[in-house]
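Trainee: Could you walk me through this one while I have it open? I am still learning how to read a fold.
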Amino acid sequence: MPSHHEYRHMPYSAEQIYDLVADVARYPEFLPWTAAARIRSRKPIEGGEEIEADLVISFKVFRERFGSRVKLYPDQGKIDTAYLDGPFKYMLSHWHIKPAQDAGCIVDFHVDFEFRNPVLQKLIGVVFDQAMRRVVGAFEARAKALYG
């Protein structure tokens with residue numbers, strides 16, 4: 001089903017962008033269509049931390065909550081997200097953030113998902129690539145606002 005891959009050079013440190021993406025609780029402050037976020041749990045795992053979080057996504061007339069398991073590996077610059085419950089058949093996303101050779105960092109983002117609701121799937125399918133570019137752009141705009 002829809003998948004999106006984005007590879008961007010950003011003029012911020014890898015640590016700054018990693019911290020921004022890892023701070024799931026703050027997503028409603030800047031991420032499009034994200035109405036609420038709640039951290040269910042946190043626990044250490046080998047090489048990092050695992051959190052379970054709920055996000056409420058609001059898009060047109062649809063408002064859905066979904067749960068995900070987020071594995072944070074700060075030393076590797078990796079964030080892996082897997083779907084737990086909610087309106088999807090499945091959802092996976094991967095972030096890999098690493099220092100760029102010249103300056104700033106390289107952000108490598110991939111997401112793949114499918115909604116259970118065929119109407120919602122069709123609706124998002126029409127604007128999916130544009131929506132995902134807007135999401136990554138929102139992280140970049142947030143970085144600019146925070147790190148200038």
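Trainee: What order do the strands of the open sheet have?
Mentor: Bearing in mind that this is a predicted model, the seven strands of the open sheet follow the order S1-S7-S6-S5-S4-S3-S2, and their pairing is antiparallel.

Trainee: Which strands are at the edge, then?
Mentor: Those are strand S1, residues 3-10, and strand S2, residues 34-45, each of which pairs on one side only. Going from one strand to the next, the twist averages 15 degrees.

Trainee: How many bridges join S1 to S7?
Mentor: There are eight bridges between S1 and strand S7, which covers residues 105-115, and the two run antiparallel. To find one place where they meet, look at His-9, whose bridge partner in S7 is Ile-106.

Trainee: And what does helix H1 touch?
Mentor: Helix H1, residues 14-22, packs on the sheet and touches S1, S4, strand S5 (78-85), S6 and S7, while its direction makes about 160 degrees with that of S6.

Trainee: Switching to the rings, how many aromatic pairs are there?
Mentor: The count comes to 11 aromatic pairs. One of them joins Phe-66 and Phe-88 edge-to-face, with 5.1 Å from centre to centre and 90 degrees between the planes.

Trainee: Why does that pair tie together parts that are apart in sequence?
Mentor: Phe-66 lies in strand S4 (residues 62-73) and Phe-88 lies in strand S6 (residues 88-99), so the pair ties together parts that are 22 residues apart in sequence. Both Phe-66 and Phe-88 are buried.

Trainee: Is Tyr-83 buried or exposed?
Mentor: Tyr-83 counts as buried because its relative accessibility is 17%, and buried means under 20%. Phe-88 is buried as well, with a relative accessible area of 6%.

Trainee: Which residues do ring pairs link into a cluster?
Mentor: The cluster holds Tyr-27, Phe-30, Trp-95, Phe-109 and Phe-139, linked by ring pairs.

Trainee: New topic: where is Trp-33 found?
Mentor: Trp-33 sits in the loop between H1 and S2, and with a relative accessible area of 26% it is partly exposed.

Trainee: What about the phi of Trp-33?
Mentor: Trp-33 has a positive phi of about 70 degrees, although it is not a glycine. As background, most residues other than glycine have a negative phi.

Conventions
Residues are numbered from 1 along each chain as its sequence is written. This is a predicted model: local features need pLDDT of at least 70, side-chain atom pairs count only at pLDDT 80 or more; totals for chains, interfaces and linings use all residues. Side-chain values use heavy atoms; hydrogens and water are left out. Rings of Phe, Tyr and Trp (its six-membered ring) pair if their centres lie within 6.5 Å; planes under 30 degrees apart count as stacked, over 60 as edge-to-face and the rest as tilted. Helices (H or I, at least four residues) and strands (E, at least two) are DSSP runs, numbered from the N terminus. Buried means under 20% relative accessible area, exposed over 50%, partly exposed in between (1.4 Å probe, protein chains only). Two strands pair if DSSP finds at least two bridges between them. Axes are lines fitted to C-alpha atoms, for helices over the stretch in contact, and angles run from 0 to 180 degrees between N-to-C directions. Contact means heavy atoms within 4.5 Å.
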